Amino acid sequence: MNEYAVELLTAEDGFVSSEIYSIVQDRQGFLWFGTAENGVMRYDGRNVKLFESSSEDDQSLSHNDAGNLMLDAEGNIWVGTWGGGVNRYDPTTGQYARYLNVADDVNSLSSNRIQSLFQDNAGDIWLGSYDKGLNRFLGNGQFQRVQKNTRR
């Protein structure tokens with residue numbers, strides 16, 4: 001007996017994008033879909049909730065090109081964006097923390113274009129950028145940058 005079913009989700013169901021870059025399932029069983037232009041969608045098996053960027057709400061996503069998702073060991077959803085850095089969503093509070101590149105701060109994220117996310121066996125969170133190397137999250141909004149040495 002097959003315990004899985006395939007169901008087509010459309011705009012009528014609230015599924016606003018068919019351009020999906022990543023999918024994660026959280027501890028509550030919700031499916032999260034990272035999209036190219038429409039933020040992040042969360043599906044509970046019946047309804048779709050859309051999380052989008054809003055310039056009027058600093059607790060929203062920082063950017064709608066939010067295709068890279070990762071679930072960390074604490075149950076937080078990390079959202080790597082293509083232009084808005086990275087966001088960490090805490091499902092217990094419903095709050096986002098935004099981490100962005102700050103031009104004069106070497107402890108900030110190296111780039112606002114985040115292409116990949118990974119948590120290693122030691123619990124460290126790594127963020128791969130498009131053009132500015134690798135970042136290790138140190139906590140409290142701080143990052144260690146690992147970049148190509150251009151000095152010879």
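User: Why is Ser111 called buried?

Analyst: In this predicted model, Ser111 has a relative accessible area of 7%. Buried means under 20% relative accessible area, exposed means over 50%, and partly exposed lies in between, with a 1.4 Å probe and protein chains only. The value of 7% therefore makes Ser111 buried. Ser111 lies in the loop between β8 (95-99) and β9 (114-119).

User: What makes the link between the side chains of Ser111 and Asp131 a polar contact?

Analyst: A polar contact is a pair of N or O atoms within 3.5 Å; within protein, one must be able to donate a hydrogen and the other to accept it, and residues adjacent in sequence count only if both atoms are side-chain atoms. The side chains of Ser111 and Asp131 are joined at 3.1 Å, so the distance meets the cut-off.

User: Which residues does Ser111 touch, leaving out those up to four places away in sequence?

Analyst: They are Gly85, Asn101, Ser129, Asp131 and Lys132. Contact means heavy atoms within 4.5 Å.

User: What are the ground rules for such values?

Analyst: The model is predicted, so local features need pLDDT of at least 70 and side-chain atom pairs count only at pLDDT 80 or more, while totals for chains, interfaces and linings use all residues. Residues are numbered from 1 along each chain as its sequence is written, and side-chain values use heavy atoms, with hydrogens and water left out.

User: How do you know that β10 and β11 are paired?

Analyst: Two strands pair if DSSP finds at least two bridges between them. Strand β10 (residues 125-129) and strand β11 (residues 134-139) have four bridges in the antiparallel sense, so they count as a pair. Gly128 stands opposite Leu134 in β11. Strands themselves are DSSP runs (E, at least two residues; helices are H or I, at least four), numbered from the N terminus.

User: Why are β9 and β12 said to stand at the edges?

Analyst: The open sheet has four strands in the order β9-β10-β11-β12, with antiparallel pairing. β9 and β12 (142-146) each have a single partner strand, so one side of each is left without a neighbour in the sheet. The twist averages 25° from one strand to the next; axes are lines fitted to C-alpha atoms, for helices over the stretch in contact, and angles run from 0 to 180 degrees between N-to-C directions.

User: Is Phe33 buried or exposed?

Analyst: Phe33 has 9% relative accessibility, so Phe33 counts as buried. Phe33 lies in strand β2 and is the bridge partner of Ile23. Beyond its neighbours within four places in sequence, its contacts include Phe15, Val40, Tyr43 and Leu69.

User: What makes the aromatic pair of Tyr89 and Tyr96 tilted?

Analyst: Rings of Phe, Tyr and Trp (its six-membered ring) pair if their centres lie within 6.5 Å; planes under 30 degrees apart count as stacked, over 60 as edge-to-face and the rest as tilted. Tyr89 and Tyr96 are 4.8 Å apart centre to centre, with 50° between the planes, so the pair is tilted. Tyr89 is buried at 5% relative accessibility, and Tyr96 is buried at 7%. Ring pairs also link Trp32, Phe51, Tyr89 and Tyr96 into a cluster.

User: Why is the charged end of Arg42 said to sit over the ring of Phe30?

Analyst: A charge sits over a ring if NZ of Lys or CZ of Arg is within 6 Å of the ring centre and within 35 degrees of the ring normal. The charged end of Arg42 is 4.5 Å from the centre of the Phe30 ring, so the distance meets the cut-off. Arg42 also has Lys49 in β4 as its bridge partner.
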